[in-house]
Amino acid sequence: MPAPTPILATRIDDGLTLPTGVGELDRVLGGGLVAGSTTLLFGEPGVGKSTLALQAMRSLAMAGSVVVLVAAEESAAQVARRARRLGPVPADLAVVATNDVSTAEQVIERYRPTLVVVDSVSALRDEGMSGSSGSVNQVRAAAERLCAVAKATDTALVLIGHVTKDGELAGPRALEHVVDTVLRIEGDRHGSLRVVRALKHRFGPTGEVGLFEMVADGLRELPDGSLNPPGPGLDVPGVVWSVTNDGSRSLSVEIQALVASSTGSPRRVAHQVSSQRLALLLAVLEARCGVELGGSDVFATTAGGLPAVEPGVDAALALAIASAAVGFVVPANLAVVGEVGLAGELRPVSGLNRRLTEVRRRGAERVVVPAGSALESVAGLDLIECRRLVDVIEAAQPVTV
Ligand SMILES: Nc1ncnc2c1ncn2[C@@H]1O[C@H](COP(=O)(O)OP(=O)(O)OP(=O)(O)O)[C@@H](O)[C@H]1O
Ligand SMILES: [Mg+2]
């Protein structure tokens, strides 16, 4: 029986962190991939899993690391075509086209790469196991074997997993407890914004986000925040500038609402904003602010596809709806921050001061904040403290159309 030893005296051996060189990915990982650890990267078909992995591999290979892609779904030629899309292909970036776990294992043991990416883990087969490729048993057995080899050889291993449209991780859900880190890549199929999140991370914080734009030659990093920062006003009702806190970042976001008379039972459509918050805000607008919405369809979204689901954007979303319903234009130099309570009151939000810094940086001149917040003054930013949502609607109405 091993004797318990003091934690204080225990050597911390977390493995070497390898910055991938893809800054937005390293940000999510808290520095980089960890040698000997396994990361699951999953997302919907076509979202950009293979592209992101290839960019990280390419960047590490350019820095001189030996990097191997185990292509379990595509031929080496298909991989090469994709790799060329991203630019010059470094010499140390190698590919093995196989879906056999034992072969993948042997490649890792023999070549000891710094990074191995398996695309995808769902396509791997362990001949010693029953079940077809992609079955939970097969996927789990393959992942467990490769994790063990990665640990023994100090290889950073990335497993790519598929997720179906309804969000169920096909097979790889069973892997969440097998791997050290779980990254999800999110994005609207029709939009170009991609958000990478750490859902589980044994070596750092979770909840951090990385932002990318899908362009013709791969994923472009967005270290500066959102894709479409609020700019000069469109001069139409229903558009409000806010800022959402996601992980440690404060991201400017344009909230848009449209209110239209309904022909049947009213539709309420929330895209990239929370449908629960939308329902609550519609009730508060009617009950506390006298905004008539009963017979109307209400659509709410963010411009550019950035998710803004936390309560800090409540006041901006409610103001966007009021502005659309009543028909006034909210000034483009005004940003709005605040959670809304059922009594129609504005409640303080987390991380207010960094939200203020972000909107100022983006050119806001005035910002609505909940009254009583602990505020640091930001040079050049005029703070409008409001106690109630109805006061926000009043403060934002200099122009009537
Ligand atoms: N060689 C290429 N040239 C142009 N566009 C490409 C190329 N390869 C991929 N794309 C595009 O890039 C986007 C992301 O593709 P990618 O293959 O990285 O997604 P994925 O998440 O790995 O998809 P899958 O689930 O099918 O493996 C897709 O919209 C795809 O059409
Ligand atoms: Mg792919």
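In this predicted model, helix H6 passes helix H7 in a right-handed crossing. The contact between H6 and H7 is made up of ten nonpolar, no polar and two charged residues. The protein chain has 401 residues, of which 44% count as buried.

**Overall chain**

- The protein chain contains nine helices and 22 strands.
- Its C-alpha trace spans about 70 × 55 × 45 Å along the principal axes.
- Among contacts in the protein chain with a separation of 6 or more, 69% join residues 24 or more positions apart.

**Helices H6 and H7**

- H6 covers residues 275–289 and H7 covers residues 314–326; their axes come within 10 Å and cross at roughly 60 degrees.
- Roughly parallel applies to angles under 35 degrees and roughly perpendicular to 65 to 115, so H6 and H7 are oblique to each other.
- On the H6 side, the contact uses Arg277, Leu278, Leu281, Leu282, Val284, Leu285 and Cys289.
- On the H7 side, Asp314, Leu317, Ala318, Ile321 and Ala322 take part.

**Helices H4 and H5**

- H4 (residues 101–111) packs with H5 (residues 136–153) at an angle of about 5 degrees, and the two axes are 10 Å apart.
- H4 and H5 are therefore roughly parallel to each other.
- H4 contributes Val101, Ala104, Glu105, Ile108 and Glu109 to this contact, and H5 contributes Ala142, Arg145, Leu146, Val149, Ala150 and Thr153.
- The contact of H4 with H5 divides by class into seven nonpolar, one polar and three charged residues.

**Ser120 and the cis peptide bond**

- Ser120 sits in the loop between strand E6 (115–119) and H5.
- The peptide bond from Asp119 to Ser120 is cis, and its omega is near -5 degrees.
- Ser120 has 26 C-beta neighbours inside 10 Å and therefore counts as buried, the cut-off being 20 or more.
- Ala72 lies 48 residues from Ser120 along the chain, yet their C-alpha atoms are separated by 5.9 Å.
- Apart from neighbours within four places in sequence, the contacts of Ser120 are Ala72, Glu73, Ile160, Gly161 and His162.

- Asp154, in the loop between H5 and strand E7 (156–162), has phi near 65 degrees, a positive value in a residue other than glycine.
- Because 14 other C-beta atoms lie within 10 Å, Asp154 is partly exposed.
- Gln272 is in the loop between strand E14 (268–270) and H6.
- Phi of Gln272 is near 70 degrees, again positive in a residue other than glycine.
- Gln272 has 20 other C-beta atoms within 10 Å and is therefore buried, as burial requires 20 or more.

Note on methods. Residues numbered from 1 in each chain as written. Chains lettered and ligands numbered in written order. Predicted model: local features only at pLDDT ≥ 70, side-chain atom pairs only at ≥ 80, totals over all residues. Axes fitted to C-alpha atoms, helices over the stretch in contact; angles between N-to-C directions. Helix = DSSP H or I, 4+ residues; strand = E, 2+ residues; numbered from the N terminus. Parallel < 35°, antiparallel > 145°, perpendicular 65-115°, else oblique. Left-handed = near helix turned anticlockwise from the far one by under 90°. Contact = placed C-beta atoms within 7 Å. Nonpolar A, V, L, I, M, F, W, Y, C, P; charged D, E, K, R; others polar. Buried ≥ 20, exposed ≤ 12 C-beta atoms within 10 Å, placed from the backbone.
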